[in-house]
Amino acid sequence: MIEAAAAAAHGEAQPGRRPRSNTPSALEAGRLAATVERLREEALEAQSAADGRALVELAKGILVGQLGCGPAEASRQLVKLAEQSGTTLLALAVDIINQAARDRVSEVTQEFLATAVAEPAEPAPTVRLRAAESRVLAAGDTQAVAAALLENALAPLGANGVAIWVTGADSSLTLAGQAGFAPEDADRWRYVPPEVATCARLALTHRELSVVTSLSQASLPTIGRRQHPDGGRVVIPAGTGGRIHGVLEIAWPQPLAPQPVQIIRQLEALAELCAHTLEEQSAHHTSDASGAAYHAALAELTDLAGHLDDTVLVLAPVLDADGRLADFRIHHVNNSFMDPAGRPRSMVTGRPFLEIYPAAAEDGGLFDKLVRTYATGEACQALRTALTTFVGEVPLTTVADVRISRHGPALLLIWKIEDEKARLANLLQHAQRLGRVGGFEQNMRTREISWNEQLFALFGLPVTAAPVPLEDLAAHAHTHDVNSIGRFLRTLMHSRRESAVEFRLQRPDGITRHIRMVAEPVLDARGRLYSVRGACQDVSSQHWTEVALAATRDQLADTEAESADRSRLALQLQHAIMPPAPAPLEVPGIRIAVRYRPAESESLVGGDWYDSVVLPNGEILLSVGDVAGHGIQAATGMVVLRNALRGLAVTGAGPAQLLAWLNRVAFHLTSDVTATAVCALFDPKTRTLRWARAGHLPPVLVRGPQAQSFPLNAGLLLGALPETTFVEEEVQLETDDILLMYTDGLVERRDIAVTDSLAQLLTVASRPASTLERRLDSMLTYSASDTDDDTCLIGIEVR
């Protein structure tokens, strides 16, 4: 054994023994860690005791002021009151502070006590919030503030990290202090450029408390994400007087469950405490309106406004009794100031902004933009903003381009009012840009239309004539181009996209010209259609050249000619039964109008069909259907089903039975034809409508200002099974009722569900219209469809 010890002393390994290490033993390391933990706990206890003593001393000072006694008597009274109430000296001290303070922490405490079902085991959140406040006030920097918030108030709530972000003038975020995160992670997140999406950015965007339940689900980068990728976050804007000085971000290691209202109120109180700390540490802002820095900043903005040519208003914040932003005071307007109501500078300067421009307070209006810019520091530019003023009780609206920016404690509001000369010059520039001969602009709100002289000449009208509105363009075109113009207007006004159309213009002097019209929508700041501008060009020569070239290509391409013949045959067959613009049908008791919009491409000629006929028993057969597919097969299948239904209806059977027979025809007597259909029988004597559907969209009933769809009854499409049954419904119609039957080409869209398109269809159908034909035209123009399929639309007006 002596030899083994000697060998070990010389570093020689013995068989079966582990060599000794020069590092401290595990027992020594454990003792060291225990000592460090004990010292840390003692430091925390000392700090907690110091915080408690500070709160007790503050309560003594309040009693001295309220009772008019000395410090010793106040101390005895505090002890005596604690014994009588059966609570601790610290809890009583905090209660006295809350009653005297009447601040946000006091409100949170009252809410907590009001909702507590029993006496809490600990004085939370009262003591925690006041202790955190005491530590924050004593903190020397933002880093110490973050540590104080985490240790005193947030760790008991399960939080494991706190980050305090300071907002820059450009909406950037700078990490001013943090606790609970790794130092290397804090170094990486020292600065966040503007418009980078992070958790803290949510608080600036929404300007209210925001909750991220799980970082992995939200996919938002932020400090500490690597440590706890599934953790939850709460971000709260920290601001005073309407300005957001920073963001308080609180981290939890696990996904965050929905928090009670009491906890949310505590977090908002901590954010307000943090905001006051950031405000005091800021060297560029003062809330004291009499401060030298405040007046120096306003003087600098006033000098800047004098060097600008546009209208400039320097706005100073106005706070209410609770320190919240209530309005802005117009501190100064420059010499170029132009008021929409024509008021001089003296009537505006020094007045509250909302008193001068009350209409700006509407939701999403100019005042909301001012508040957002003042809160976040993010500059705002809004083109074509409506400035509404009141002359007496008459509103006067002017359109202007607006820019807003924050400079120190105030805002700079710049607007440029658009006058008539600028608008016409802008119109000319766009006409030249698009390479047109005649330019136009139509205001969709005021209905004002502006044409240049070339456009009057193009239409064969004198310059003294009234310009033709876009809605009436079809009345000046060839009847075969009506559908093309309808698609053009729908794309332009409904989809709000630039569009073009070629049509044959029928001029008053009898001359027909081929016109190409190109237009684009102009949207206001809210994304609503404000006006339409564009131009027209005479392309008659180009059109006839293209016709000649097309004829040559048809002669040289036999295969293309055969395909074109088939498509043309299908189109002719379709038009033979269903003209594109049939005349209204006058039958006893009702009036029927039809709109048929064929496919944009002849190769897509489909099997849409409609029919209305008076039967021998006096009833009126109303039907609409759609054969699956396109081309000659769909067109011939449509002819078979339409004629078969006419013949079957003479038997006097009801709609359900007629569809059952028609299903047998589709299954046995056609070549794999499937179709959808709606069949209805109207009795003019009783005004009773019986109807059934076979996989087709149900009719729509317009009664007064309301439009509603018939129920989606069961009914399989035609030709799918040899035998099937259909459900028959009966509806009692009234005078002036309008029944609408249509094919799915009216509502089909590639990007939204059919239910959403149907809801929009009901909205359009309920709009008032002077005639049945105008109602159908409106539905075609504003339909939600964006496909190239055929569309049938039948309107039945009960008399």
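**The largest cavity**

Tutor: The largest cavity is lined by F440, Q442, I449, W451, L455, V468, P469, L470, L473, M517 and C536. Here a cavity is a set of points, on a 1 Å grid over the protein atoms alone, where a 1.4 Å probe fits but cannot get out, and lining residues have an atom within 4 Å of a point. The model is predicted: local features need pLDDT of at least 70 and side-chain atom pairs pLDDT 80 or more, while totals for chains, interfaces and linings use all residues. Residues are numbered from 1 along each chain, and side-chain values use heavy atoms, without hydrogens or water.

Student: Which strands each supply at least two residues of that lining?

Tutor: Strands are DSSP runs of E with at least two residues, and helices are runs of H or I with at least four, numbered from the N terminus. Those that each supply at least two lining residues are β12 (438–443) and β13 (449–451).

Student: How much space lies in the largest cavity?

Tutor: The structure holds 4 cavities of 30 Å³ or more. A volume is the space filled by probe spheres set on the grid points, which are joined across faces, edges and corners. For the largest cavity, this space is about 70 Å³.

Student: What distance separates the end C-alpha atoms of helix α20?

Tutor: Helix α20 has 18 residues (632–649). The expected span is 1.5 Å times one less than the number of residues. The helix should therefore span 26 Å, and this agrees with the distance between its end C-alpha atoms, 26 Å.

Terms used. On a 1 Å grid over the protein atoms alone, a cavity is a set of points where a 1.4 Å probe fits but cannot get out, and a pocket is an open set with protein on both sides within 12 Å along at least five of seven lines; lining residues have an atom within 4 Å of a point.
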